[in-house]
Structure formats: structure tokens, C-alpha cells
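Let's walk through this one together, starting at the ligand and ending with a pair of helices.

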Amino acid sequence: MQVDLVHVTKRFGGATAVDDFTATLADGQLVALLGPSGCGKSTLLNMLAGILPVTSGRIRFDKDDVTHWPPERRGVGLVFQNYALYPHMTVAQNISFPLEIKKTPKPEREKKIGEIAAMVHVEELLNRRPDELSGGQQQRVAIARALVKQPRLLLLDEPLSNLDARLRLEMREEIRRVQRETGVTTVFVTHDQEEAMSISDQIVLMRDGKLQQCDPAQTLYHNPANRFAAEFLGNPPINQLHGKASSGRFKLSCGAEIPLPNPATDSGRPAIMAVRAEAFAIDDGGFPCKVSELFEIGKEEMASLKIGGETVRAYLPLEGGIRKGDTVRVKLKPRGVFLFDEETGERI
Ligand SMILES: Nc1ncnc2c1ncn2[C@@H]1O[C@H](COP(=O)(O)OP(=O)(O)OP(=O)(O)O)[C@@H](O)[C@H]1O
Ligand SMILES: [Mg+2]
């Protein structure tokens, strides 16, 4: 099912939590809704579920305008940020609950519980209560409960936030697998860019209630629409240098100059040159920088390089025989270098 958000706005009193939000979530995709804490992710999700009314705008599921439909009519499965299971019910009863509400006959209920429990690997746990489960197991049960009524849309609000790092990795693979198996359009809320990059077909990046960019992870990473998108994705965080671009060179505020890999871009106005750590390459024809730190990480080295008064982080090849204190010549690869207007943050 395709989801269309058209100029969706949500105000709480005077505060705007979601601001004129327009995006399309394609049928069968796993969409990561990504953004910092407080940017409006849960608010947007709850409007999709019908738990929160919109202040203005429309929501469409395929051809249906569901803007004013109550939650039960929308066919949405929702896993909350704290995935509260019913504590007094067993796992089987928890999963069964949405079906009982729909008055599904008992034999059909039991069949479905069996199928879903097997899919999320909790078939051994059906008679336990939530307090007898680990965080990851509770997580699976919450997803099973959301899936059992065969929703048209699955909404997961930071479902992995209470889990330790290893379990998070495991569970995100599981969610990806279950999503592929069911083919249900899914929105996965997270503020973790790495999680969003690894799990999703599409990332919807949000800031202060506003859509920043809606693209596949690789597009967001290699072609960020604005400075915020460039900053928010990638580890280590993208290097940012202040200055001005003119005549094929970027003149840093500290006085140093760097030849631009794409000389056509002239800013005229104060700009930010953002450079990914992997965009540096050792090259005899390059510009000089001093190696102020070196950290070995697997097959590469992470270096801190001084360019004039600025310090940047760069990946350099291990076999280069580079040492701390050396002066090296580097070139920038066009693929990881972006210019942004300093004032507006927009791409130049
Ligand atoms: N019921 C409410 N009444 C008033 N303000 C609210 C309400 N719910 C959310 N807000 C405000 O709306 C903004 C967005 O909140 P929301 O919960 O959607 O953020 P979020 O992106 O999910 O954050 P987090 O990552 O911390 O869960 C916040 O400023 C929040 O304080
Ligand atoms: Mg939230």
C-alpha cells in the first residue's frame, strides 16, 4: 500500500510539531523516519495510525483518504516506543488480543498465532508472561501482535531503543526479514542514522517538524540536499570548513586554500565546504597538510590533518607508510565534497 502525506501539519497549542509535511511512502517499502529527538517523528507516526488528529493536511492510503478515519478502520499495526505488552496476559494472549477484538473465530485465531509466532521466533514462549521474557523477546512479541491482524501499514516507533547493541543489530536484521516476508509497507522510526542506513529502502529525514530529504540511504549520503542532511548521516561526522569558493578554489577563513574537485561551483557568499573522511586521497599533485594524529582502524588509518588552522578527519591507506608529524599531499575526490550556503544551509 502506498502512503501519501500531503501538507500534513500538527500543532500543539502554539507549537508546531509537524510542519507542512509532504511525502510519499512507496508500496511494500521499509521507510526509516529519521531525525533528532523532538523533531516530530512520533507525532507523525501517531497521525498515520489515527491516534492523533491532524491540524491540517491530508493522509491517503492508496486511493483512500483516511485523514478522518478512526484508528481501527485504518488497518495499521503499531509498535510503540516502549512496546508495552499486556503484563497480565501470556505471549499467546497478547498476540491473540487484536484478533479477539475483531471477533475472529478461535480456530482461525490459533492458526494465525502459530504462524506469526513462528515467523518472529517466539513459538517456544507462548505460555510465558512478559516479565518472564528478555527485552528482545518482548520486542518480537510486540511485533507479532502488530502483524497478526495483517495490517496494510506497520508502524514501529524506535522499537529497538531498549535493547543492548548486539541485540539491536540482530533485531534489525529480523525486522528487515519479517518485512520482506510480509511485504507490508513499514515505517521504522529511529534517531540512529546508522540504523536507518542499514535497514531501509528509503529514508525520510526530518528536523524541527519539517521534511529535509526523502531518498534511498545511498542518495542521502552521496547527494545530501542540505547541510543538516550531510551532518546527520555518516560516521565519522562530515568535516566542515568555513570560507568562500571562487575561481575553482575554496578559501578558508584561516587563510589556507584548497582546490575544489568540482571547480565550477562558485559561492560568492560565505559557504561551508563539507568533506567526507573518505574523500581524501594521497596525491603528489595535491595540496599539503600536516598529519597531527593517526589511528589505525582495520585496513585503513584515520588521520587528523591540519589544513592551515583547521583540522579534518581523513581515511588514509595503511600501506602509505605515513607517520604522525609528516606533511602529506592530498587531493579531494569529487564524490564526497559538498558546498552549502553558510546562512541558509542549502546546497550550492
Ligand atoms: N501531546 C503533546 N502536547 C504538546 N506537545 C507535544 C505533545 N506531543 C509531542 N509534543 C511536542 O512535539 C514535538 C515533537 O514530539 P515527538 O514526540 O513527535 O518527537 P520525536 O521526534 O518522536 O522525539 P523522540 O526521538 O525523543 O521520541 C516535541 O517538541 C514535543 O514536546
Ligand atoms: Mg518519539
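Around ligand 1 sit F12, A17, P36, S37, G38, C39, G40, K41, S42, T43, Q81 and E158, each with a heavy atom within 4 Å of the ligand. Sorted by type, that shell has four nonpolar, six polar and two charged residues; Ala, Val, Leu, Ile, Met, Phe, Trp, Tyr, Cys and Pro count as nonpolar, Asp, Glu, Lys and Arg as charged, and the others, Gly among them, as polar. The biggest giver is helix α1 (residues 41-49), with three residues in the shell; helices are DSSP runs of H or I, at least four residues, numbered from the N terminus.

This is a predicted model, where local features need pLDDT of at least 70 and side-chain atom pairs pLDDT 80 or more, while totals for chains, interfaces and linings use all residues. Residues are numbered from 1 along each chain as its sequence is written, chains are lettered from A and ligands numbered from 1 in the order written, and side-chain values use heavy atoms, with hydrogens and water left out.

Now for the polar contacts, pairs of N or O atoms within 3.5 Å. T43 puts a side-chain N or O atom 2.5 Å from an oxygen atom of ligand 1. G40 uses a backbone N or O atom, 3.0 Å from a ligand 1 oxygen, and the side chain of E158 has an N or O atom 3.2 Å from one.

Methods. Polar contact = N/O pair within 3.5 Å; in protein donor to acceptor, adjacent residues only side chain to side chain. Helix = DSSP H or I, 4+ residues; strand = E, 2+ residues; numbered from the N terminus.
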